[in-house]
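This report looks at salt bridges and at one packing of helices. The sequence and the structure come first, and the text follows.

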Amino acid sequence: MDRDITKHFGQDLNLIFDRSRILAIHAKHGFINLEHLFVAMLETDCMAKSYLRDFDVKEQIDWLQQLYPNSGTSTIKDSLPLTMHAERIVRHAGYLAFLKKKLHTNSVHLLLSMLSYDNTVSERVKKKGIIFEDIAGNLEGGLPKTPVEIKLRHFRKPSVISRFFRPGSSMRKLSEEVLEHAQNLWTYQQYDDCITTCQTGLELIPAHQELKILLALSFLKKRDHTTAAGHLEELVRTFPDDPGFQLSLSYCYDNMGDYLKAGEMLDSMLAKDPDHDIVLNNKGFCLLLQARYAEAVPFFEKAIQINPLFAYPWDNLGFVKYKLGDTGQALILIDKALELDKGNSYAYKYKGIIFMEQDNKTLAMENFQLALKYGYTKTYGDEVLQLIEKCK
């Protein structure tokens, strides 16, 4: 491991890295990524562990084991490399320690760096109701109580103009540099800059599929659904067997109010795979948006039957039940969704609407505030803010 990265490690962080290496070797992964570091936190008596008490360690070890192919051949005598992703997280942790005026980076800084953007770990931690702001708010002084974007000076920005001075064989290297920079911008949610970088890269290499994907997803994250749909339509034509692009495109159609196109695309996917839980949920949601509540019920029920741990169909079914007149069952179903995912902002919005329409403004506002806390506005738009104004 790079000495420049480890020289400011605190004792508990060194323990985490030692344990993460053992976890990776036992899993035959051959590298250390952020998931290894996270599970090592759970197994180590480190400072961050106090925030992670709700996790079942064995369950997380099983999850880690299944994440990557078990094709590694390293033994306990070998050192393992950090992935680029893990190295970025460690450097970010060091930056957070610097903001706190700390000489050593500890496991809390590492956990905060993991929670600063969307990734496999932050998704799991958020489901337990834990977010960056909760931990940062417990620290005394020196650290903003919102996620901190890593400074772009940590990334090497490619000099695109240098293409004029490169031999043809070096264009591949420039392509790799542009993609890496775009991925860094995407990772830290700097979508405007990511779009600009992707567009510049595509001027150089029009057929660069990875840049086309990042471009489409950046517009989607910015909630520019019309522009995103145009790019996703091209990706669906290029990758007709990739359900991810089709799901994203149908989501755009829903947000554009084009329910016919969304429904047709989802029906086509279900014809090929009738037991796809996400497609079933999204089909039900498309019907919900059209106030076709009774028609939506069987899609949500089947999604739950196939995957009982999938939170979204539970709260969607709950809201549909409310619209069909069964408030008691609705709240039971929505609470089940929150039992599975405490960071489910949409479920809090649903509960807020139910309580607001029952004229219980106190509980309505409590749930709307929880929806905001868990990122509703960032992900879905201003609806909850408008509901709060209506509720006052």
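## Salt bridges and a helix pair

K283 is buried, because its relative accessibility is 9% and the cut-off for buried is under 20%. The model described here is predicted. The side chain of K283 forms a salt bridge with that of D267, at 3.1 Å from N to O. D267 is partly exposed, with a relative accessible area of 38%.

The count of salt bridges in the model comes to 14.

| Salt bridge | Distance, N to O |
|---|---|
| K283 and D267 | 3.1 Å |
| E234 and K212 | 2.8 Å |
| K221 and D118 | 3.7 Å |

In the salt bridge between E234 and K212, the side chains meet at 2.8 Å. E234 lies in helix α12 (residues 225–238) and K212 in helix α11, so the two tie together parts that are 22 residues apart in sequence. K212 is buried, with a relative accessible area of 17%, while E234 counts as partly exposed at 29% relative accessibility.

Helix α11 (residues 209–221) also holds K221, whose salt bridge partner is D118. The closest N and O atoms of K221 and D118 are 3.7 Å apart. This pair links distant parts of the chain, 103 residues apart, with D118 in the loop between α6 (107–114) and α7 (120–127). K221 is partly exposed, its relative accessible area being 38%.

The crossing of the helices α15 and α17 is left-handed.

On the α15 side, the contact is made by N281, F285 and L288. On the α17 side, Y312, P313, N316, F319 and V320 take part. By class, six residues in the contact of α15 with α17 are nonpolar, two are polar and none is charged.

Notes. Residues numbered from 1 in each chain as written. Predicted model: local features only at pLDDT ≥ 70, side-chain atom pairs only at ≥ 80, totals over all residues. Heavy atoms only, no water. Salt bridge = Lys/Arg side-chain N within 4 Å of Asp/Glu carboxyl O. Helix = DSSP H or I, 4+ residues; strand = E, 2+ residues; numbered from the N terminus. Buried < 20%, exposed > 50% of the residue type's maximum accessible area, 1.4 Å probe, protein only. Left-handed = near helix turned anticlockwise from the far one by under 90°. Contact = heavy atoms within 4.5 Å. Nonpolar A, V, L, I, M, F, W, Y, C, P; charged D, E, K, R; others polar.
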